[in-house]
Amino acid sequence: MSYLLDKRLWLVSGKGGVGKSTTAAAMALAAARAGRRTLICEVNADERIAPLLGHAPVGPEVTPLEENLWAVNLRPAEAMREYVLMTLKLEALYKAVFENRLVRSFVRFIPSLQELVLLGKATWHVRETDRAGRPVWDTVIVDAPSTGHFVTFVSVPQVLLDTVPPGPIRRDAEVMRALLVDEAVTGTVLVTLPEELPVNETLELAETLRNQVNLPIMAGVLNTFVPPRFDDAMMPRLSRWPRLEELAKRHQEDSARSASSLARLEEGLQVPVHLVPRIFSPRFGRPELEAVAKALAPLIGRSP
Amino acid sequence: MSNPEVLKEALAGLEVLVCVGPGGVGKTTVSASLALQASLVGRDAMVCTIDPARRLANSLGLKAFGNVETRIPDAIFEAAGLRPGAPLHAMMLDMKRSWDDLIGRTASPEVRDRIFANRFYKALSTALAGSQEYIAMEKLWELRRSRDSGLIVLDTPPTSHALDFLDAPDRLLAFMDNEAARFFLTPARRAGKVGVKLFSLGSSFVLKQLSRVAGAQTLEELGAFLGALSSLNEGFSERARAVKALLADEKTGFVLVTTPAAERLDELISFHAQLVRTGHRPVAVVVNRTHRMPDAELWLQAAALDDELRAAVERTLSEARLLAERDEAGIALLRQKVDTPLVIVPRFGSDVHDLSALAQTAAYLVGDRAP
């Protein structure tokens, strides 16, 4: 049994609207609590993580949020600049070359370059070291793009290896792919909801990741899980109140769907599926994130 | 208050409905329900999706459908206790095939073969960001042209930035009409060739630096690819402009779809503003999966139950109340920020994934049922 805390790169994905960002934010909180220097990355998104944690949006600079926790919103323009600077070394060269209008319009057509620099930036943080050669980050969490775009995102190294002739881009793609498929480094978590279509989509995604991208999946997270509340012995006692009976029946259906979703995910994903109960509160903020983090403790693990 | 009459009118009077909104709000379901409703009341309709996850096929009771129009068989209607008044078609876009078709229609056989053989082509047609959005729009235009009447409902892809697809024609125009390709290729063109000798300016300092980053061979092959593509420039530009015109046409309407949960609303509100600003016409905001408020009577009934049962029922009621209050707050915010009529669709007990469930959604969309 492995834990997320054993890995340095955590990738969180799922269909839009399943609670992917809240899950990633809760994980970041837990990692920081466990004493890990943690960086949480959003990828070219309308920023949600820092606000969820009760902070102002951070933008494209790595920004401290609280003890042991930093956040960044990776954006293509900034990531591109940094990527090129790493290769060309000199700011002046970058300006001369990449701020040339012709070059700018040309560079856009290198396929998946945008995804490459974003994924490149995220994986670079995993390898980033300080002057003494120690890793800067214990844990890098990526709130990755949702289902459809996630495949594109993590396939970038392979697409480039298939497309691009030997050269610097290809070398970077090789490094990235090696990191992504290394189970000792990377833990991929798929978040979903207890409903038929999101579960279908998650299972399809898992299959694509396994077969086409060769990306191992570490765990599933079933969000807004509804445990049973009304058992069959209770139902007949409600028969005098048809509308209450209807309410209870709805709840039974919800929890039955939760149970069957769990069974399908466990069978299809072949990895542990962790449950996050549905949280009832007027808004989703810090206390709610704490509750999610608590529910995910068996996945995240504890600091030794 | 729900204003379903706006959708009823749109279904009768418009030719194209584009459903837009954040991912995971039931956009595909709403698209399919709208097309189904048109068919049920006797208007020929077609729903078109680019959804990579095959959700539409699922909800129409079909296993899958390729890049071709599939007519929903009467048997599927009958199984759901429904009777189509006019044919209902569905189509799911295959990205690669749509690009192949587009290139095939625009290019001479020789240029076409050169493009298909280039290794950058596959990346363009399947992986290049924004190409999905463009090909969806392009297909919409193609469909509109080939169908005399009837309604087309387009379910847009789940984009990370919901308006990507509105810029898609412009981005493609920029792509095709790109300065760099013209600059690099002009000498070759003049010599009567297309797409060779990208590096006739090979000693240029800028190009040398660029190739340090991208690799010289990459640039050369990419140059050849852009060269072949740019010979299609005229055909492409014309089409991209036609696509843009179609989106802004008075017979085209946008249906924004959302759930009332607060975290989805900011996105929707800015989305709506952008649509209006860019001269597009929002016809309705569908607020999907809205929780109903349990009425006071239920609390009175619960009070009469034995302790165990009462605790379980009251807990369920307070959860339902909380969700309904949260949704009411979301809807109030929407009303304040958006001047397009709202259409409220309640959350159903079960997933919407068959034709009768789509018909149920449709009934709320056009006001045959009240939320």
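The model is a predicted one.

Chain A holds twelve helices and eight strands. Of its 304 residues, 49% are buried.

The eight strands of chain A form an open sheet. Their order is β3-β4-β2-β5-β1-β6-β7-β8, and the pairing is mixed. Strands β3 (63-66) and β8 (273-277) of chain A stand at the edges. Each has a single partner strand, so one side of each lacks a neighbour in the sheet. On average, neighbouring strands of the sheet are turned by 25° against each other, direction ignored. Within the sheet, strand β2 (residues 38-43) of chain A runs parallel to strand β5 (residues 139-143) of chain A. Five bridges join these two strands. In one of the pairings, Thr38(A) has Thr139(A) in β5(A) as its bridge partner.

Leaving aside residues up to four places away in sequence, His274(A) touches Ala219(A), Val221(A), Leu296(A), Pro298(A) and Leu299(A). Asn200(A) lies 74 residues from His274(A) in sequence. In space, the two are 17 Å apart, C-alpha to C-alpha.

In chain B, helix α2 (residues 27-40) has 14 residues. From its first C-alpha to its last, α2(B) reaches 20 Å, close to the 20 Å expected at 1.5 Å a residue. Of the 14 residues of α2(B), 14 are buried, so the helix is largely enclosed by the rest of the structure. Gly42(B) follows α2(B) and has a positive phi, near 95°.

The two chains meet through a pair of helices, α10 (residues 242-269) of chain A and α15 (residues 296-303) of chain B. Their axes come within 9 Å and cross at roughly 95°. That angle makes α10(A) roughly perpendicular to α15(B), because angles of 65 to 115 degrees count as such. On the α10(A) side, the contact involves Arg243(A), Leu244(A) and Leu247(A). On the α15(B) side, Leu298(B), Gln301(B) and Ala302(B) take part. The residues of this contact comprise four nonpolar, one polar and one charged.

How values were computed: Residues numbered from 1 in each chain as written. Chains lettered and ligands numbered in written order. Predicted model: local features only at pLDDT ≥ 70, side-chain atom pairs only at ≥ 80, totals over all residues. Axes fitted to C-alpha atoms, helices over the stretch in contact; angles between N-to-C directions. Helix = DSSP H or I, 4+ residues; strand = E, 2+ residues; numbered from the N terminus. Parallel < 35°, antiparallel > 145°, perpendicular 65-115°, else oblique. Contact = placed C-beta atoms within 7 Å. Nonpolar A, V, L, I, M, F, W, Y, C, P; charged D, E, K, R; others polar. Buried ≥ 20, exposed ≤ 12 C-beta atoms within 10 Å, placed from the backbone. Expected span 1.5 Å × (residues − 1). Pairing = 2+ DSSP bridges.
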